[in-house]
Amino acid sequence: MSNIKTRILIAKPGLDGHDRGAKFIARALRDAGFEVIYTGLRQTPEAIASAAIQEDVQWVGLSCLSGAHNSLFPKVVEILKQRKAEDIKVFGGGVIPSDDIPGLKEAGIKEIFTPGATSKSVIDYINSN
Amino acid sequence: MVQKILAGDIRSIARAITLAENEDYQAVELLRYLYPHTGRSYLVGITGPPGAGKSTLVDRMIAYYRKLGLKVAIIGIDPSSTFTGGALLGDRVRMQAHATDSGVFIRSMGSRGHLGGLAVATADSAKILDAAGYDIIIFETVGIGQSEIEVASQVDTTVLVTVPGLGDDIQVLKAGTMEIADIFVVNKADRDGVEKSVMAIEQLLSTWDMTEDDFIPPILKVTAKDNIGIGELAQAIEHHKKYLHDSGRFEIRRRNRAVTEVRTLILNQLDKWAHDKMTKDITTRDNIEEVYLKLIDPHTVAREALRELELETMWDKWGQGADGGG
């Protein structure tokens with residue numbers, strides 16, 4: 001009867017207005033037994049980092065379909081580090097060209113899930129990291 | 001960590017709430033040190049059926065209290081799935097405008113399906129936020145399961161939010177839920193059916209046995225999304241707070257809260273004991289199988305399982321024999 005849950009924040013930084021994918025992943029993670037905090041659309045990196053810290057999540061999942069991932073994703077990692085919360089792990093998904101993945105990982109994003117990645121792959125990744 | 005929480009450090013507050021939610025032993029120690037620093041915050045519960053617009057209402061209330069220079073904390077509680085244990089916590093979505101305001105702390109909680117667990121997690125997080133200096137702590141719950149009852153026992157003022165057009169409003173609200181309300185809000189008051197909703201609540205109130213000393217719950221018409229009625233709600237809460245202090249009910253309620261807390265902690269442990277007994281003790285498990293096969297009755301099995309605790313049970317009082325007969 002363990003009461004300990006893994007908490008995950010799902011956020012959409014920037015101006016991208018399509019959230020069906022993010023909501024889909026959020027629901028899949030809930031069905032896998034996680035506590036998922038969904039912050040909605042058009043979040044600034046500051047707002048995402050603040051939320052992550054208040055909610056004391058282990059993971060932040062960022063979704064971006066508008067191409068702004070290269071600037072926005074690393075910004076979230078940076079702010080978390082500034083606020084001494086670099087132990088919160090960040091992963092991302094959305095429309096992200098595979099060429100951009102190494103750069104993002106170098107900036108501190110732990111994993112990127114490109115379109116076509118199954119919810120199972122996300123769940124398995126979180127469970128094993 | 002205690003010093004950091006008293007100084008209002010967000011990370012420490014968040015971590016402490018996690019410990020409390022996880023029923024970590026560190027939380028017990030922490031709370032012991034924080035306890036003397038509590039007692040300043042005012043606790044408000046906001047509850048109602050899904051779709052009533054509670055989160056939007058809370059968002060506007062945050063803005064209102066912030067203008068007065070008050071520090072506000074919100075705990076949004078959503079049900080956890082009893083099957084998967086997971087939860088989708090979406091209250092924050094409507095309040096994210098305040099995400100970077102250092103005077104606002106927003107936390108989402110799953111009900112985690114634990115007997116009385118929600119009341120304990122709620123009470124503990126309230127203490128942490130109280131010690132950290134938040135003036136108002138708002139608990140938002142959906143009227144599903146027992147969460148609103150558990151939370152109502154932990155707060156000073158309970159606000160019940162409903163909307164017009166929920167069919168016959170009052171039938172929709174469960175018995176017991178209505179009685180916990182100190183203030184009624186009919187939200188989305190720009191919709192048709194507002195007067196009908198207000199009348200339905202008035203009718204219900206007229207059936208209550210109230211004396212002159214009792215607080216008569218006001219019924220407020222609010223349109224949260226347009227920021228209409230928020231000031232009136234804050235004033236109604238203030239009015240209720242004054243009533244509680246003037247009538248002495250404030251102290252009575254806080255005393256009752258102490259009783260509820262201790263009782264919940266005791267029941268929590270007993271529930272764990274029972275769960276372990278029924279799943280790990282071979283004799284009890286075998287006996288339960290015999291109940292299923294109709295070879296033995298449940299009372300006898302329960303009585304046997306409880307022997308270990310050496311309590312005087314109802315069966316002892318009735319003087320029944322060990323075989324359950326008589």
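Which side chains meet in a salt bridge of 3.4 Å, N to O? The side chains of A:Asp56 and B:Arg15 do so, in a predicted model where local features need pLDDT of at least 70, side-chain atom pairs count only at pLDDT 80 or more, and totals for chains, interfaces and linings use all residues. Residues are numbered from 1 along each chain as its sequence is written, chains are lettered from A and ligands numbered from 1 in the order in which they are written, and side-chain values use heavy atoms, with hydrogens and water left out.

**View 1. The contact between chain A and chain B.** In this view 30 residues from chain A and 31 residues from chain B take part in the contact, where contact means heavy atoms within 4.5 Å. The size of an interface is often given as the accessible area lost when the parts come together. Here the two chains bury about 2,700 Å² between them, 49% of it on carbon and sulfur atoms; buried area is the accessible area (1.4 Å probe) that two parts lose on being put together, summed over both.

View 2. Side chains of opposite charge can pair when their charged atoms come close. Between chain A and chain B the count is 6 salt bridges, each being a side-chain nitrogen of Lys or Arg within 4 Å of a carboxyl oxygen of Asp or Glu. The rule for polar contacts finds 18 residue pairs across this interface, both residues at pLDDT 80 or more; such a contact is a pair of N or O atoms within 3.5 Å, and within protein one must be able to donate a hydrogen and the other to accept it, while residues adjacent in sequence count only if both atoms are side-chain atoms. On the side of chain A that touches chain B, two or more residues each come from helix 1 (20-31), strand 2 (35-38) and helix 2 (45-55) of chain A, with helices (H or I, at least four residues) and strands (E, at least two) taken as DSSP runs numbered from the N terminus. Helix 2 of chain A gives the largest share of that side, 7 residues.

View 3. An open sheet of 6 strands with parallel pairing has the order 5(A)-4(A)-3(A)-1(A)-2(A)-3(B), and two strands pair if DSSP finds at least two bridges between them. Its edge strands, strand 5 (111-113) of chain A and strand 3 of chain B, each pair on one side only. Strand 2 of chain A runs parallel to strand 3 (residues 87-89) of chain B and is joined to it by 3 bridges, with B:Ala87 as the bridge partner of A:Glu35. A:Glu35 also forms a salt bridge with A:Arg7, their closest N and O atoms being 2.9 Å apart, and this pair links strand 1 and strand 2 of chain A across 28 residues.

**View 4. The sheet of chain B.** Chain B holds an open sheet of 7 strands in the order 4-2-5-1-6-7-8, with parallel pairing. Strand 4 (104-110) and strand 8 (219-221) stand at the edges with a single partner strand each, so one side of each is left without a neighbour in the sheet. Strand 2 (residues 72-78) of chain B runs parallel to strand 4 of chain B, and 7 bridges join the two, while B:Gly76 stands opposite B:Ser108 in strand 4.
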